[in-house]
Amino acid sequence: MTVQEVFGSAPAVAGAALALIGIWALWWLVRYVRADKMTRASMRQAIGVRRRWRRLAPMVGLSVTDKTPPAVIVAPDGKVPKPRVLIPKIRVAADRYGVLVHAVCLPKVGLAEFQKAAPYLADAWRCTRVSVLPDKPGQLVIRGVRVDPLIVPTEHTPTGVVPEDLAVWDLGLDEYALPVSVSLANVPGVTVAGLPGFGKTSLVNRFMCDTAPSDAVQYAVADGKVTSSHEGDYADLTERIFAFVGDDLEEANALFTRLVKLRRDRSASIRALLGVKNMWHVGPSAAWPLTVLIVDEAHTYFRDYKGSDTRTKKLAALAAENARLVEDLVKKGRNVGILVIIATQKATGDAIPTFIRDVCPVGLSFAQKTAEAAVVALGEDIRNWPDASPTALQDPAYVGVAAMAHQGRPGFARIRTPYVADADAARIAAETAHLTRDPAELLEELSVSAMRVDDPLIKREAA
């Protein structure tokens, strides 16, 4: 191509470039107009982050000098080229809470350097806080939140769609507005503590509403603050619960005894019916559902009654027996698909016996009044993370915010759990009521069906 041809095609190339820029600008403008007020502010923030990055990065120590000369050591004018200052490349995205920045590491500019610079980036970007975590090899993800997600109430509308993975419990958003979930696979028990009215039951309601569309989950509830199922926080979900008891210790004892029998029957037949020793190796199914026992206001069933009169002695004996039965479910029910979720205000030994509480690997705590209450709910390590302590969550703005240990990394996370409206809970329960079955009946049906199969192994096991 001659010089004349190059200059002749320049207007067409420039026109194409301008057209692409115009299309991109129109696309950005449409996104901006359709976004809500918070997202618009974050989009403007993202523009500032991109525009100021090359100047800001060296100021906060996120650059490196390349002193190696290029291939041509001496320039045509006889001058030696100056060393180059390299700056990490970034990509910036915006959402309603702030910006998400993906950065490429350089030699001597990696995770440690970005984490050290995080407070300075927060000031420069006008963010409440900034976190830096590894992403892909050689890449980092930097999260800057302009608005504190912990003080922004959120709502969750159940879709009624069967979740892709029943073992994943979506909890909410952390302090960087990133989704937090916990794996329930091979988890025998979960403890939830916190002051009254701060979100314990709402958290459990969300779990039930999200998993209720699956016939591979069945629920039993013991609610210690009500007398019958049409009262209290679980009234809207009654149709999806195969067994419910209130604050009567004898009725609770009967339910726990019933579930322990289920645990024993499943343990005796799991290898013959599922071909494995651990249900989680094949996952829950309609015939062998994950059976979730929810014990709310647990102190009602486990408290240590003091007194010498006949009535008190009977209550003390029932409470002790209840603790023994729930201990059986927590310690022996994991591999046969039984999960126990225990909620109480203060997870001390009188509310949740330590031989139950200390074997539950997942623990969450909403607001607590004392450091001791935080320790019994989350473990001794919470003392080393005072910023995440639930004692700092007593302000009404933190209703619905819980603290829990990070899964897979050190420290604790604070999580904004969403509110599920009563009408949505009732809708889900009505739509999924036909899925409610007693797991003991399902086990019996599965056993009868297996006996009819012409399988020598099954016949041998039965004999």
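Reader: Where is the place of Asp 424 in this structure?

Author: In this predicted model, Asp 424 has its place in helix H10, which is made up of residues 422-432.

Reader: What makes Asp 424 count as buried?

Author: The relative accessibility of Asp 424 is 16%, and buried means under 20% relative accessible area, so Asp 424 counts as buried. If residues up to four places away in sequence are not counted, Asp 424 touches His 156, Thr 157 and Pro 158.

Reader: Which residues does the UniProt annotation "binding site" cover?

Author: According to UniProt, in an unreviewed entry, the annotation "binding site" covers Gly 194, Leu 195, Pro 196, Gly 197, Phe 198, Gly 199, Lys 200 and Thr 201. Among them, Gly 197 is placed in the loop between strand E9 (189-193) and helix H4 (200-211), whereas Lys 200 lies in helix H4.

Reader: Why is Gly 197 called exposed?

Author: Gly 197 has a relative accessible area of 66%, and the term exposed is used for values over 50%, so Gly 197 is exposed.

Reader: How do you know whether Lys 200 is buried or exposed?

Author: The relative accessible area of Lys 200 is 5%, and since buried means under 20%, Lys 200 is therefore buried. Leaving aside its neighbours within four places in sequence, Lys 200 is in contact with Val 192, Ala 193, Gly 194, Leu 195, Thr 344, Gln 345 and Phe 366.

Reader: Where does UniProt place the feature "domain: FtsK", and what is the helix and strand content of the chain there?

Author: The unreviewed UniProt entry places "domain: FtsK" at residues 177-375. Over residues 177-375 the chain is 37% helix and 20% strand, with the end C-alpha atoms 26 Å apart.

Reader: Why are helices H2 and H3 called oblique to each other?

Author: Helix H2 (residues 37-59) and helix H3 (residues 111-125) pack at an angle of about 125°, and their axes are 12 Å apart. Angles under 35 degrees count as roughly parallel, those over 145 as roughly antiparallel and those from 65 to 115 as roughly perpendicular, with the rest counted as oblique; H2 and H3 are therefore oblique to each other. The crossing in which H2 passes H3 is right-handed.

Reader: Which residues make the contact of H2 and H3, and how do they divide into nonpolar, polar and charged?

Author: From H2 the contact is made by Gln 45, Val 49, Trp 53 and Leu 56, and from H3 by Phe 114, Leu 121, Ala 124 and Trp 125. The residues of this contact divide into 7 nonpolar, 1 polar and no charged.

Technical notes
Residues numbered from 1 in each chain as written. Predicted model: local features only at pLDDT ≥ 70, side-chain atom pairs only at ≥ 80, totals over all residues. Heavy atoms only, no water. UniProt positions renumbered as here; feature names shortened; annotations may be inferred. Helix = DSSP H or I, 4+ residues; strand = E, 2+ residues; numbered from the N terminus. Buried < 20%, exposed > 50% of the residue type's maximum accessible area, 1.4 Å probe, protein only. Contact = heavy atoms within 4.5 Å. Axes fitted to C-alpha atoms, helices over the stretch in contact; angles between N-to-C directions. Left-handed = near helix turned anticlockwise from the far one by under 90°. Nonpolar A, V, L, I, M, F, W, Y, C, P; charged D, E, K, R; others polar.
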